[in-house]
Each structure stands twice: as C-alpha cells, then as structure tokens.
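Thanks for coming. I'll go through one model chain by chain and then turn to where the chains touch.

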Amino acid sequence: MHISPVLWQFLVKWLNASALFPAEASTIAPYTDALYFFLLLITVLGLVLVGVLVFGFSIRYRKEKHPVAIPVEGSTLLEATWTIIPLALFLIVFVWGALLYFRIYNPPTNAMNIYVVGKQWMWKAEHPGGQHEINALHVPMGRPVQLTMISQDVFHSFSIPDFRVKREVIPGRYSTVWFEATTPGTYHIFCTQYCGTQHSGMIGEVTVLSPDDYEKWTQESTSGMSLAQNGERLFASMGCNACHSGNAAARGPNLAGVYGSKLQLTNGSEVLVNDAYLRDAILNPSQHVTAGFAPIMPTYQGQISEDGLIDLVEYIKSLQSNHRVQQTLTTSQSNQAAPTTPGVKP
Amino acid sequence: MSATHTIINLPDQRTATLPKRNYINAEDGLLSWLLTGDHKRIAILYLISITFFFFIGGAFAGLIRLELLTPQPDLVASDTYNKFFSMHGIIMIFLFLVPSVPATLGNFLMPIMLGAKDLAFPKINLLSWYLYMIGGIFTLAALVLGGVDTGWTFTTPLSTHYLNTHVVTTATAIFVAGFSSIFTGLNFIVTIHRMRAPGMTWFRMPLFVWSHYAASILMVLGTPVLAISIVLVALERTIGIGVFDPTKGGDPLLFQHLFWFYSHPAVYIMILPGMGVISEVISTFSRKRVFGYTAVAFSSVAIALFGFFVWAHHMFIMGVSNYSALVFSLLTMLVAVPSAIKIFNWAFTLQKGSITFETPMLYAFGFLGLFTIGGMTGVFLGALGMDIHLTETYFIVAHFHFVMVGGMLMAFLAGIHFWWPKMTGRMYPESLSKLAAVTTFIGFNLTFLPQFILGYLGMPRRYHAYPPEFQVLNVLSTAGATVLGVGYMLPLLYLGWSLKYGAIAGNNPWQATGLEWQIQSPPLTENFIETPIVDHEAYDYEWLAHKTEQEVTTVG
Amino acid sequence: MALPQHRHHFETPEQQREAGTFGMWLFLLTEIMFFGGLFFAYLLYRNWYHDAFVVASNQLSIPLGATNTAVLIGSGFFMALGVWAAEVKKKGLLVLFLILTTVLGCVFLGVKYVEYHEKWEKHHIPGAHFDVSEFVNPHAYGLKEQPLAPDMAQKTQVFFSLYFAMTGMHALHMIIGIVLLFWLTWRAHRGEFSSGYVAPIENFGLYWHFVDIVWLFLFPLLYLINRHPGA
Amino acid sequence: MSEQHFHDPANITNPEHAEHHIVTPATYCMVFAGLLVGTAITVGAAYIDLGILNPVVALAIASTKAVIVILFFMHVKYQSNLIKMTVGAGFFTFLVLITMTLSDYMSRAWGLW
C-alpha cells in the first residue's frame with residue numbers, strides 16, 4: 001500500500017510530538033513516580049496472576065479435556081492467603097502513599113511564598129515583590145516555592161502535572177501547595193476541578209528559570225510596589241491604623257511581630273497566627289478577638305477583594321522587624337494627615 | 001462451536017414449543033403491562049427503559065469522544081460540551097448503572113431464586129418503576145429545555161450560584177430516581193428476609209441474592225443522604241438559603257461530605273449486583289460450586305459495610321484534614337481486600353471444573369480482567385500521595401470506566417445473555433453474540449487504556465480542549481469508542497431478532513442449578529406451581545444430575 | 001386466614017403482616033438518614049457559629065414550640081390508641097382516634113404557619129430579603145439580647161436556613177401524613193380495618209410516630225439552645 | 001403461627017418472628033404522660049445555666065423520649081430481633097455519618113475552615 005509522503009511526514013511529526021510520560025521537573029516527581037511504578041508492578045503482577053489462573057484453568061479443565069467437574073468446597077488456607085497478601089500489599093501502599101502525601105503537602109520552612117488567586121476562568125499569581133501574572137507563573141529553579149491559593153468564586157484546582165502537584169483552590173479559605181523545580185523550561189498549569197463554561201480554558205504555563213534569569217525577570221516585571229506596600233496603602237485607606245496603631249493605648253492589638261506568634265484569644269483558645277488566620281480575622285473579627293481587647297472591629301466581608309486581602313496579609317507579615325514597625329508608624333501618621341489614598345486596590 | 005464444546009441442552013427444535021401459559025401472554029394489552037404487579041413484567045419494563053437511557057447516555061459519550069478527536073474546541077461550543085458530559089454522567093449513573101442489574105435481572109430473578117411467587121411488595125415495585133420513569137422524564141425535560149452543565153457531581157457553589165442551566169429540574173430527576181432505587185432495595189431486603197421458600201436457608205441462597213442483599217442495604221441507607229443534599233442544593237438555588245454557600249458562612253465541603261456519603265457507596269450499589277451475576281455465570285459454565293461460597297458471600301457484605309467508611313477519599317486534595325485523610329485512605333485499602341478475595345475465588349472456581357465458553361462466560365472472563373485492572377487502579381487513587389497527581393485527571397476517568405463499564409456493564413451483558421432464555425424462552429444467536437463479546441472487550445480496552453496514560457500525563461477530566469501533545473492517545477481512545485459502540489449495538493439487534501426467530505430454549509439450556517432454571521421458560525406468572533422445598537445447597541450439580549435422571553425415569 | 005386483603009404471594013397473613021412492618025421500618029431507616037444529613041449540618045454550624053445560633057434561636061417562641069410539642073405528642077398518643085382500637089376491632093373508636101390524630105396534626109401545622117408568618121414579617125427568611133439589623137442592634141427593637149458583631153450576625157442566616165430546611169422537611173412529612181390520614185379514616189369508616197387486618201394502620205402509625213420523634217429532637221435543638229440569660 | 005403451614009423451621013418461626021402483641025391503652029397513657037413530663041423538663045432545663053451540660057441534658061431527654069416512643073408507641077419492645085436490629089442499623093449508620101465527618105472537621109488545621 002502506498003502512503004503519500006506528505007501524510008507520512010505528518011504522521012511521523014505527529015507521533016514524535018506526542019507524549020507518553022510526563023517530564024520529571026520537580027524534586028517531588030521522582031518520589032511520586034517511584035510509588036507509581038511500584039503500584040504498576042503489583043497491578044501487572046496481579047493481572048498476570050489472575051490471567052494465568054483463568055487461562056490456565058480454562059485450558060486445563062475445558063470440557064473436552066475434563067468432561068466431569070470435581071466438586072471442591074473451598075480452602076481456608078487459600079482464602080487466608082489471598083486475604084493476607086493483598087492486605088499486606090495494600091498496607092504498604094497506604095504507608096508509602098501517606099509518606100508521599102506529607103512530603104507533597106508539608107512545605108519546607110525556607111520556601112518562598114507566591115499567592116495565587118483563581119477565578120472563573122483565569123489564574124492570577126502575585127509575587128511578594130509585586131509582580132502580577134495572569135495564567136503564568138515564573139519560578140526560580142532549585143528553590144522551594146510555596147503557593148498560597150484561594151478562589152474568588154467556585155472550586156478550582158491548581159495542577160502542574162510535570163511537578164506532580166495539585167491542590168484544590170477553594171472559595172473562602174487558603175490552601176497551599178509547594179514544589180521545588182529542578183529543570184528550566186515551561187510546563188502546563190491546569191485547572192482540574194470543573195468550574196464552568198471555560199474550564200478547559202483555565203490553563204497557563206509555569207516557567208522555571210535559572211536563579212539568575214529569575215532575578216532578571218523579577219527586576220523587569222516589577223510593578224514598582226510590593227504586595228506589602230500595596231497592603232500598607234490599603235491598611236491606611238481602610239483606616240485600620242486608627243485602632244491598630246501600635247500604641248499602648250490603642251483599641252486594637254499591635255500587629256508588629258504578630259505573624260507567626262501564638263495568640264491568646266478572649267474565648268480562651270490559643271491560635272498560631274498564619275495567613276489563614278489573618279485573613280479570617282479581617283473578615284470574621286468577632287470570632288478572633290485577642291485577649292484583652294473588646295470585640296469592636298467591624299467585618300470587612302465584601303469590602304476587600306481577595307487580592308486586597310493578600311496585600312493586607314503580606315503587609316502584616318512584613319511587620320516583623322523593628323525597622324518596618326517604625327516605618328509603619330510614620331507612614332500611618334503621614335497618611336492620617338494626608339487625604340486617604342483613593343480607590344481600593346482591585 | 002460444535003456441540004461438544006457447549007453444554008447447551010435444547011429441546012428438539014422440530015417439536016419444541018414455548019409453554020402455552022407464561023407471564024408474557026398471561027394478560028393482553030398495554031394496560032396489563034403498565035398496571036402489572038408481576039415482578040417479571042416490571043423487570044421487562046425496566047429493561048426496556050434502561051436500554052433506552054443507556055443508548056441516550058451512550059450517544060453523549062460518542063459525542064464527547066468525537067469532540068476530543070482534535071485538541072481544538074471545534075465540534076461544539078464549550079457550554080455544549082459541558083452539557084454533554086453532564087448528561088452522560090447523570091443518565092449513565094442514575095438512570096442506567098444504579099438500576100441496571102438490580103431492577104432488571106434482580107427484579108426478575110430474586111423471587112424465583114428464593115422460591116417465592118413475587119417480591120414482598122409488588123405495588124411498591126411498580127411504583128419504583130414509575131418513579132424511575134418520572135426521574136427519567138425530568139432528565140429528558142432538562143435535556144430538551146437546554147441541558148444542564150453541573151457535571152454529575154453538582155459541586156457547590158458552582159451548581160448553586162454560578163450556572164444558569166436547568167439544575168433544579170435535574171435535581172428533581174435525581175431525587176425522584178433516588179426514591180425509585182430506595183424502594184427497589186427495600187423490596188429486596190424484605191423479600192430476602194421474609195419470602196424464602198421452605199428450606200432456603202441463608203447459606204443456601206445463590207450468591208446473586210447475597211450480592212443484591214448487600215447492594216440493597218447501601219441503597220436504603222445511602223440514597224436518602226443524597227436526596228437531602230440535592231434538596232439543599234435546590235433550596236439554595238431557588239430561595240437562597242445558606243447551608244453550603246461560603247459567602248453566607250456555609251461550608252461547600254459539607255456538600256462534598258454529604259454527596260460522597262451516598263455517591264461512594266453508590267459505586268458498590270452499581271458493582272455488587274454485577275458481582276452476583278459473575279458468580280452465577282462462572283459456576284454454571286464450570287459446572288462447579290463457587291469456590292469458597294461463604295467467603296464470597298461475606299465479602300459482599302463486607303464491601304457494603306466498609307463502603308460506608310471511605311467516602312472522603314474523593315476529597316483528599318479538597319482540604320479535608322490530614323488526619324482524616326489518613327483514616328479514610330487506610331479504610332479504602334481495607335475495602336479493596338474483599339474485592340480481591342472475590343476475584344481469586346472466581347478464578348479458583350474454574351479449577352477442576354468442566355469449562356465451556358458460551359457468551360455469558362466470555363463476558364465474565366472480560367469482567368475478571370477488566371475489573372482486576374479497575375480495582376487495582378483504585379488502589380492507586382486510594383494511596384494518598386499518588387491520588388494528588390492522579391485525581392481529577394483522565395486516570396480517574398479510566399479507573400471508574402474500568403470498574404463501571406468494564407465491570408458492571410460486562411456483568412450486565414453476561415447476565416442478560418445468561419438469563420435471556422429464561423426471560424424470553426428463546427436463545428440468542430451464539431456465534432454473533434460471541435463476536436459482540438469480543439468486540440466489546442477489544443473496543444473497551446482501546447478506549448480506556450490510553451486514558452490511563454493520558455491521566456498520568458496530567459490531562460484533566462472534563463476538558464473541552466487540550467494541549468496537542470495529548471492528541472494521539474485521544475485519537476486511539478475515540479477509535480476504541482467506535483468499536484465499543486458497535487459492540488453495544490450488536491446485542492440490541494440480535495437480541496431483538498431472537499425474540500421472534502431464536503431457537504426455543506427449554507427450561508434449562510445451561511443445565512444450571514438455580515431454582516429459576518427448574519421452572520418453565522418463560523415462567524408462569526406465579527413462578528411455581530407449588531412452593532418448592534429446598535433440600536440442597538446452592539450450585540449442587542450432583543443434585544441436578546440426580547434430579548434429571550429421576551425425571552427421565554418417571555417421564556420416559 | 002381467609003382475609004380478603006391477604007395477597008397470594010404470601011403463605012400466611014402473619015408473614016404478610018411481618019413483611020409489611022419490616023418494610024415500613026426499612027423505609028424509616030431511609031428517613032433517619034434523610035434527616036441525618038440535616039442534623040449533621042446543624043451540629044457543625046451550631047459549633048462554628050454558636051453565638052449567632054443562640055441569638056437567632058431566642059427569636060423562636062418557646063410557648064408556641066412547647067405547645068406544638070405537646071400537640072404532636074398528643075397526636076401520636078391518639079394514633080397509638082387508634083392502632084389499639086384496630087387491633088381489638090373497635091371500628092367506632094378507631095375512626096374517632098384517627099380523626100383526633102388528624103385534628104391535632106392540623107393544629108400543629110397551623111401553629112407552624114403562625115411561626116413562619118412571623119419570620120416572614122421580620123425578614124428572617126433566608127435569601128435576598130434577609131435582614132440582620134435586629135441582631136446587630138437588638139435594643140432598637142426592644143430586645144434584651146447582647147448585640148452581635150456584624151460578621152456573626154450574618155451567620156444567623158445559617159441558623160434560619162437550617163431552621164426552615166429542618167422544620168420545612170418535617171412539615172412536609174406532616175402534610176403527607178395528614179393526606180394519608182384522610183384516606184385511612186375513610187377506609188376505617190368503611191370498616192376495612194375492623195376484621196383483624198390492621199397492617200395499614202400499624203404501618204402508618206410507625207410513620208406518624210417517626211415524624212413525632214424528629215420533632216422531639218428538633219424542638220430542643222432549635223428552640224432551646226441557650227435560654228438562660230447572661231450566659 | 002401454627003405448625004402445619006410451615007415445614008421450615010429456619011425460615012419463619014425464629015429468630016425473625018415475634019408474636020403479635022397488643023399494647024394496652026393503659027400503657028399508652030403512661031407513655032403519653034411521660035412524654036409530656038419530659039417536654040416540661042426540657043423547657044425547664046433550658047432556663048438553668050448548666051454550661052456545657054445544657055445541650056447534653058437536652059439531647060439526653062430528647063433521646064429518652066425518642067426511645068420511649070420507639071419502644072412502646074412503635075411496638076419495638078414486642079418485635080422480633082430483626083426489627084430491633086433494623087432500628088439499630090439506622091442509628092448506627094447515622095453515627096457513622098456523624099463521627100466520620102466530624103473526624104475531618106475536628107482535626108482541621110484551619111479552625112473553622
């Protein structure tokens with residue numbers, strides 16, 4: 001049969017361009033693949049075993065060869081065998097899978113943080129330095145990156161198959177995922193949770209850069225204002241500094257150094273202040289009243305966008321050092337004097 | 001196949017006739033069917049309506065595969081594509097898979113296998129069919145009015161606040177169809193407890209009955225939780241209550257919990273009756289009692305019991321706590337064990353048998369292979385770390401199609417072929433049906449094996465357009481779907497043909513031991529002329545041989 | 001043995017009766033799980049938004065709720081007596097008790113209507129018209145409650161969502177039950193249950209008592225979260 | 001349940017069978033009174049500050065009332081073990097729903113959410 005060379009060329013190109021196994025582009029990928037191959041191995045073994053039994057018996061005991069069946073009741077020994085061996089295998093898989101799960105979902109402490117906001121139907125990444133990206137994400141190679149993600153509307157799911165990471169992006173609550181990219185290049189970002197009409201259009205690319213290139217990229221794409229600076233403006237414009245002034249007589253607790261600390265609440269519980277806590281304390285303040293303060297803070301539900309909340313959280317996080325505290329005080333004083341910054345950051 | 005290969009034991013075709021009086025010709029007229037209390041007639045009603053919905057759902061599957069032939073979104077608009085997979089899922093799950101074996105084969109056979117004249121509540125049985133049809137009509141109404149694009153999982157807040165399609169209509173359909181399923185399960189449980197013939201002890205029941213018993217428990221206890229969560233979704237859409245709405249303080253994960261509390265046991269509702277069919281078929285064509293009868297029986301019950309404890313494995317990446325993820329993953333591993341026990345017991349049933357390879361047996365072999373793959377890939381997804389990469393991709397699509405289509409549909413077809421002579425009194429054409437069985441098996445593997453690879457590559461499910469490097473595997477899958485479609489059309493054609501032209505089957509063409517094979521085909525309306533007294537174990541082929549011998553001496 | 005209601009596929013009426021009872025109980029299992037989903041949602045949100053639940057719950061009237069509880073217990077009591085009357089084949093008593101059951105059931109629904117109507121007027125029905133001002137600023141409305149913070153006040157909507165979902169589902173069961181009661185009363189009047197065939201009455205009784213039980217839980221959970229002032 | 005109908009001892013007579021027991025109106029009246037008293041106690045208890053015990057007491061009383069209704073009004077006391085187990089199974093599954101779901105909510109690292 002004759003195949004036209006054009007068609008042939010097309011087929012060859014098409015087949016070459018197609019993928020069979022995803023790239024291993026993160027430190028997690030080899031671990032995931034190891035478990036995958038182990039599981040594949042026991043699947044194939046199990047399948048071969050069942051196949052050998054079924055076909056073996058079928059050939060050996062087919063009617064022509066074996067016209068009269070011999071009754072067999074069963075065998076406790078065999079039942080025990082195929083209860084215990086699969087159970088043992090499955091338990092190994094369970095332990096292995098659990099270890100992998102904690103490796104994937106527990107970020108190292110030195111991870112750099114990038115915020116991701118999902119909305120119908122796009123991904124918005126916000127770097128601490130103020131770089132914003134839509135449906136794209138630039139990350140440095142060889143450095144752990146933690147994504148703190150939230151959705152503005154429905155459930156989404158942030159997936160980078162070549163890194164073997166995925167996490168649901170949920171409305172109303174931060175979820176996190178981390179990875180450390182090992183190979184420069186571009187990789188797919190998918191939204192894997194069905195989220196409405198353009199679900200399959202909610203894709204993007206993560207670009208892994210060498211540390212130098214990443215440095216260059218951050219310089220070039222900065223918007224001039226870091227998230228914390230945006231947050232500072234928002235902090236002042238919402239009048240937060242009226243209470244959270246840091247003075248001893250202030251009506252609200254001092255926010256300097258609050259991030260990462262253990263906080264005593266009026267209801268007696270003790271909480272660790274993290275991103276999620278800060279966000280919730282802005283939206284549902286009455287459930288998070290610090291001990292010694294009155295529950296007078298109004299809710300900001302519906303008044304600040306998720307991006308704005310991220311800015312505020314970043315700002316409060318940045319209030320760690322004494323230097324920043326000083327700056328805040330001066331900024332807030334100057335802001336009180338000056339007319340409030342117009343326009344809430346979108 | 002020459003006669004030596006088979007056990008088919010047909011009456012002499014020149015003299016053979018269908019029994020003069022049977023449930024089909026007992027009464028005439030459409031009304032006599034629509035108002036019947038006879039479980040066999042209701043089973044036939046179910047069979048017709050289920051087949052209808054199966055092919056509608058199948059048509060949507062075909063359209064989905066056609067769209068995915070190319071990476072571009074070129075056949076239909078995104079909204080239309082979303083409606084395709086939503087309708088495919090809703091119709092196939094709630095209108096085909098859940099009622100498939102229980103409502104047709106189970107309805108037809110359960111009372112006969114137990115030696116009863118009917119199910120305990122014939123009117124409720126009929127009501128259950130009407131509820132099914134009302135559910136079906138609502139689904140069709142949603143379809144005709146413009147479809148629904150929630151996916152079958154109704155994820156909140158997407159389904160409650162962000163879609164403008166006919167969500168409430170579809171919710172009503174699922175609610176009503178759910179009650180159909182509840183009533184079927186309730187009827188089965190009461191029948192099994194209360195209607196067994198004298199001597200039919202629990203451990204003399206066929207395994208088909210055991211697996212239906214387990215599935216019925218799940219139907220009765222699981223379905224209402226789905227019903228209430230669907231009601232809450234509908235209320236949230238219509239009047240705006242705030243139980244799942246995060247902006248009002250509700251927790252959308254609560255919906256996931258309630259939804260999967262039913263929808264995970266639902267997959268056992270779907271697969272357990274199929275397992276019952278496989279037990280019957282493999283035993284009959286090996287001419288041997290099922291290996292480890294009690295182990296198989298108890299594994300059905302164990303699956304039903306553990307089935308209630310594992311639902312959150314659908315939510316590992318959704319933000320359930322790490323601790324509960326651990327618990328649910330561990331329990332998921334436990335529920336995999338009874339399925340493994342069943343597979344090995346079936347394989348060992350063949351040992352020392354006298355095996356023949358009629359069509360139902362071919363389907364059963366298909367089931368064994370495909371269900372093994374489907375079950376093992378389930379372990380992939382139950383392993384926490386692995387699940388992160390695999391969930392919400394084509395891997396999971398392939399996994400549940402291996403279990404549901406490769407497992408359940410294969411079992412359904414095995415059962416339909418196996419009991420076709422009993423239901424209609426006529427044989428299906430053997431060689432054509434073998435061709436269909438092989439076609440289905442090949443087509444199925446071609447369709448869904450590439451999807452495992454696609455899934456590991458990371459192709460997300462429910463994607464209308466996809467990156468071009470995934471195309472080759474998608475083309476393979478679509479090609480397989482075409483073959484699979486042919487494989488499913490064939491039985492429709494030749495089974496229809498056999499209604500009129502098939503060979504007369506006689507009472508017991510397979511020389512099987514079940515009570516249903518000891519009565520005429522098709523059976524009388526009241527099944528038994530006198531209540532049978534059971535004095536032998538299930539699958540006792542020596543008893544059968546002895547009985548046949550006696551009949552020959554007394555009659556001849 | 002020769003009851004006209006004995007169906008052919010049962011060997012004995014006894015078998016038929018027990019099958020019916022068992023079937024009814026299985027149906028009640030589904031009802032347990034049906035309400036179970038709602039009760040779980042209640043449990044969850046009550047713990048999350050306890051303050052809002054307390055204040056919102058205090059908007060419900062204890063006299064009305066307690067009266068309704070008593071009414072429903074009475075209705076159940078007459079239903080139980082009805083079952084007894086059928087068992088001892090006293091037709092007149094049976095009809096009387098069924099009518100009393102129905103009347104009390106209707107009274108319950110009437111009181112429920114009054115309560116719902118009040119919620120409607122106060123804009124406490126969840127949805128677009130829901131209004132929290134009464135909870136943010138109770139003193140302006142003459143209430144002695146502590147004011148809720150605005151964010152917590154919003155959560156009262158969750159309480160009322162559950163209140164209407166739970167009592168609504170319960171009321172729906174009551175309405176279905178009352179429709180069935182009319183039918184049963186008519187059949188009892190024709191003497192169908194006076195010859196020892198009592199299964200429909202018994203099974204309906206099970207259903208009716210189950211609906212009672214749901215209310216026995218709903219009443220303390222919804223009305224009595226925290227009635228002691230100052231806590 | 002007389003003998004000659006059933007050739008099968010394993011099926012109908014035990015353990016899923018129980019004699020049809022007719023509960024007397026006197027019992028019903030006692031139950032009725034008990035339920036009314038229970039209601040009064042619940043309302044009363046709600047006005048006393050018992051701290052964490054308030055919901056516990058309320059639920060305990062409600063459960064007691066429910067058990068009384070189930071046992072007497074619904075005749076479960078006089079029913080076969082099958083029915084008793086059926087009732088038990090319902091509450092068991094409800095408990096599974098609650099405990100397994102709570103296992104998630106109670107161990108969430110994010111507090112509420």
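In what order do the elements of chain D run from the N terminus on? They run α-α-α-α, and the count for chain D is four helices and zero strands. Helices here are DSSP runs of H or I with at least four residues, strands are runs of E with at least two, and both are numbered from the N terminus.

Before I go on, the conventions. This is a predicted model, in which local features need pLDDT of at least 70 and side-chain atom pairs count only at pLDDT 80 or more, while totals for chains, interfaces and linings use all residues. Residues are numbered from 1 along each chain as its sequence is written, with chains lettered from A and ligands numbered from 1 in the order in which they are written.

Back to chain D. It is divided into domain 1 (22-78) and domain 2 (80-113); those bounds come from an automatic or database domain assignment. Taken over C-alpha atoms, the centres of domain 1 and domain 2 of chain D are separated by 22 Å. Of the 113 residues in chain D, 29% are buried. Buried means that 20 or more other C-beta atoms lie within 10 Å of the residue's own, exposed means 12 or fewer, partly exposed is in between, and the C-beta atoms are placed from the backbone. As for contacts, two residues count if their C-beta atoms, placed from the backbone, lie within 7 Å. In chain D, among contacts between residues at least 6 apart in sequence, 50% join residues at least 24 apart.

Next, chain C. Its secondary structure comes to eight helices and zero strands. The C-alpha trace of chain C spans about 70 × 30 × 30 Å along its principal axes. Buried residues are 55% of its 231 residues. Among contacts in chain C between residues at least 6 apart in sequence, 77% join residues at least 24 apart.

One helix of chain C is worth a check: helix 8, residues 199-223. Its 25 residues, at 1.5 Å a residue, should span 36 Å, and its end C-alpha atoms are 36 Å apart, which agrees. The expected span is 1.5 Å times one less than the number of residues. Of the 25 residues of helix 8 of chain C, 21 are buried, so this helix is largely enclosed by the rest of the structure.

Chain A has strands. Five of them form an open sheet in the order 3-2-1-5-8, with mixed pairing; two strands pair if DSSP finds at least two bridges between them. Strand 3 (132-134) and strand 8 (175-179) of chain A are the edge strands, each pairing on one side only. Strand 1 (residues 112-119) and strand 5 (residues 145-151) of chain A run parallel and are joined by seven bridges. Within that pair, V117(A) has I150(A) in strand 5 as its bridge partner.

Finally, the chain contacts. Between chains A and B, the contact takes 77 residues from chain A and 76 residues from chain B. On the chain A side, helix 3 of chain A gives the most, with 18 residues.
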